[in-house]
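Welcome, and thanks for opening the viewer. Let's take a short walk through this structure, one selection at a time.

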Amino acid sequence: MAKTLAPVVSVHLVDQKSSLKSATTANVQLNDVPTKFSVLQQKPDAAAAPVPPLTGDVRVVTAAEYKQAAACLAEAFAEDDVARYFIDVPDRSHWSEQEKWDLHVEILEYVTYAHILKGLVTTIGDFEAVALWMPPGQNMDDFLTILRSGMWRLNYRLSAEGKRRFFTEFLPLLHDTKHATLGEADDESWYLVYIGTRPSGRGKGHARKLIEHVTKQADREGRPVYLESSNEANPPIYRKFGFETKRTVHLQRAEKNVQLDIMVRDPVGEEKK
Ligand SMILES: CC(C)(COP(=O)(O)OP(=O)(O)OC[C@H]1O[C@@H](n2cnc3c(N)ncnc32)[C@H](O)[C@@H]1OP(=O)(O)O)[C@@H](O)C(=O)NCCC(=O)NCCS
């Protein structure tokens, strides 16, 4: 394709101080994107945050395992209202369930890989449960990570309404809410971005192990831990780990109410940073 005819891709970048889900928009020429893009050819960032000491059966997911980890999350979040918010859109009503499922898996593969590059991805057993963490001061929103993880492809894969929901509503809402909730502690906190246990693995203590692996470190460091809960069944579970609901926010572009409970766990046993 002639360079002058290259379509402009709207890539959503997040300012360096922000957490995962905030967005500002920059335009990138398609010809600037590597033509032989492959996430498997990429290596995790050498400057990624240190991993808290591993406890129990918890282990760190490697770059070569991103698909298995994402498959676990896809299964865990198969019916999650927030995960489906960008896929179950009026302008994709003609899509088959298989097409929607493929996009659901694809989104989670990008997000998982971005966290392998810039955050921390942990699992238990044969990918029975997976947690995506963003350590203090880290984010996956730099241009290179968006390219390397494949996140930029969402500009093509989401519908017009899906993009409005994801980039214009969801990302800014989460960014602003996290900052408003944590204030100066925003950059000091651990962020539990996703945690999911396959239905067949639930009730066996997997989520507890994955969460406590990091909350113990957060306690040692005197740092808060932040999460958004997308399922009304979950706040009672998170309260068991010391999280408290600080506020609720709502996604408003769907017919049904989609609520997120914003929860923070203050550090235990150490002076708070
Ligand atoms: C939420 C989720 C991660 C819990 O995973 P899990 O591995 O089954 O959780 P655990 O077995 O470690 O249980 C943790 C605690 O929560 C309790 N718990 C777990 N599921 C529960 C349920 N459905 N109802 C009530 N309590 C529950 C357990 O009893 C346990 O408490 P205890 O240690 O004091 O006995 C899992 O249900 C899931 O993947 N859900 C779908 C995806 C999702 O909603 N993720 C979170 C998005 S915010």
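How many bridges join S3 to S4, and do the two run parallel or antiparallel? Keep in mind that this is a predicted model, then select both strands: they run antiparallel and are joined by 2 bridges. Here Val60 sits opposite Thr122 of S4.

Stay on S4 (120-124). It is largely enclosed by the rest of the structure, because 5 of its 5 residues are buried. Color by side-chain direction: Leu120, Thr122 and Ile124 point one way, while Val121 and Thr123 point the other way.

S4 and S5 run antiparallel, with 5 bridges between them, and Thr123 has Val130 in S5 as its bridge partner. In the hairpin, 4 residues lie between the strands, and Gly125 takes a positive phi near 60°.

Now zoom out to the sheet. It is open, has 7 strands in the order S3-S4-S5-S6-S7-S9-S8, and its pairing is mixed. At the edges are S3 (59-60) and S8 (243-251), each pairing on one side only.

Last stop: the ligand. Of the 21 residues around it, Thr197, Arg202, His206, Ala207 and Arg208 come nearest. Strand S6 (190-197) and helix H7 (206-221) are the elements that give two or more residues to this shell. By class, the shell holds 7 nonpolar, 9 polar and 5 charged residues.

How values were computed: Residues numbered from 1 in each chain as written. Predicted model: local features only at pLDDT ≥ 70, side-chain atom pairs only at ≥ 80, totals over all residues. Near = placed C-beta within 6 Å. Nonpolar A, V, L, I, M, F, W, Y, C, P; charged D, E, K, R; others polar. Pairing = 2+ DSSP bridges. Contact = placed C-beta atoms within 7 Å. Axes fitted to C-alpha atoms, helices over the stretch in contact; angles between N-to-C directions. Buried ≥ 20, exposed ≤ 12 C-beta atoms within 10 Å, placed from the backbone.
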